[in-house]
Amino acid sequence: MPLLPLDGPASPLPHADDRPPPPASAARRALGSATARHALTLLPLLLLAVWAALDWNAVRDGAARLTTADPWWLLSGLVFTCLGWVAAACVRQGAVPDRLPKGLLLASQIAAGAANHLLPASIGAHAVTVRFLLRQGVPLPRATTSIALYSLVRAVAKIPLLIVFLLAAPTAVPPVTVLPDGRTLVLAVGGVLLVPVAAAVVLALVRPLRRPARDFVRTALTDARHLHTRPGRLLPLWGGAMAAPLLQACVVASVGTALGVPLSWPQLVFAFLAAGAAAGAVPAPGGIGPIDAALVLTLAGYGTPLALATATVIGYRVLTVWLPLLPGMLVLSALVQRKAL
């Protein structure tokens, strides 16, 4: 069968250089995305500068008081602060079934620690962690349920620590201030019972929230049950959750020893754990404010002079907030720049 001739020569294949340029709208979107990323990179440093200006008196007073402290004990307190990042990274890994890169996970917790001191109720730390998990391919439902599991385990892990101190070191506990008074106990129980009641009322009145809430609870229970069957997740989850408050308490004990507070290490550690349990329900940036006041009152209850107790808390804040804040913000900016957040 004869082949019919073509009407004309075959058109050449399109070359890469002959492709039409991208539309102006796409170019503008790319430019806007790059500008937004650079702005997010500089935003943490700007927030750091604003916060430092607002709280400059605390920084100045804390630095003046710390000049008379033992520098080696202050250095040990800084080491305990850095170990707190490792404990937080362990809890984050234990709350997620997916395997996360260790180096980036630790860097994300350094950045999360800085963000935690700028927003109340750990919102900044959780936002950084969720963003990091999403970048690592963790689905959003699993990332959000890991935050809930992280918060629950961190809160529950303090209870056995306090019980251990009550049983193993009874002399470290003030005989009068261990148990709250009746009014405080009633308020605490009422607050615990009010949360599920308020959640049930909201779900009963707002029908569109029922299905997302049901899916969230189902995912959380499934992941929690799965994680507790894996020793590689169970040990970092609960071990890190118990180590984190102990490391923070060791920072307080190091600062107190450096300043010459007339208390033993068990007493200083228990004072921090008790103050954290009393003030943990008050939402504040990084716990700043409520836990400081509670810690000063607890140390004073042990017989520490008020000025020395205040200096101890200021030194604790310098080691756990101000010194790590600048490197934390730099790490946060670097992770944003590398698109890890």
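Select helix α3 (residues 71-94) and helix α10 (residues 231-259): α3 passes α10 in a left-handed crossing, meaning that the near helix is turned anticlockwise from the far one by less than a right angle. This is a predicted model, in which local features need pLDDT of at least 70 and side-chain atom pairs count only at pLDDT 80 or more, while totals for chains, interfaces and linings use all residues. Residues are numbered from 1 along each chain as its sequence is written, and side-chain values use heavy atoms, without hydrogens and water.

The axes of α3 and α10 are 7 Å apart, at an angle of about 165 degrees. That makes α3 roughly antiparallel to α10 (an angle over 145 degrees). Their contact comprises 17 nonpolar residues, nine polar and one charged.

Show L74, G77, L78, T81 and W85 in α3, which meet L319, T320, L323 and P324 in α13.

Now centre on L74. Leaving aside neighbours within four places in sequence, L74 is in contact (heavy atoms within 4.5 Å) with L66, A69, V255, A258 and L319. L74, F272, L295 and L299 touch the most other members of the largest nonpolar core, which has 34 residues; such a core joins buried residues (under 20% relative accessible area, 1.4 Å probe, protein chains only) through side-chain atoms within 4.5 Å. Elements giving two or more residues to this core include α7 (158-168), α11 (265-279) and α12 (290-301).

Definitions and conventions: Axes fitted to C-alpha atoms, helices over the stretch in contact; angles between N-to-C directions. Helix = DSSP H or I, 4+ residues; strand = E, 2+ residues; numbered from the N terminus. Parallel < 35°, antiparallel > 145°, perpendicular 65-115°, else oblique. Nonpolar A, V, L, I, M, F, W, Y, C, P; charged D, E, K, R; others polar. Buried < 20%, exposed > 50% of the residue type's maximum accessible area, 1.4 Å probe, protein only.
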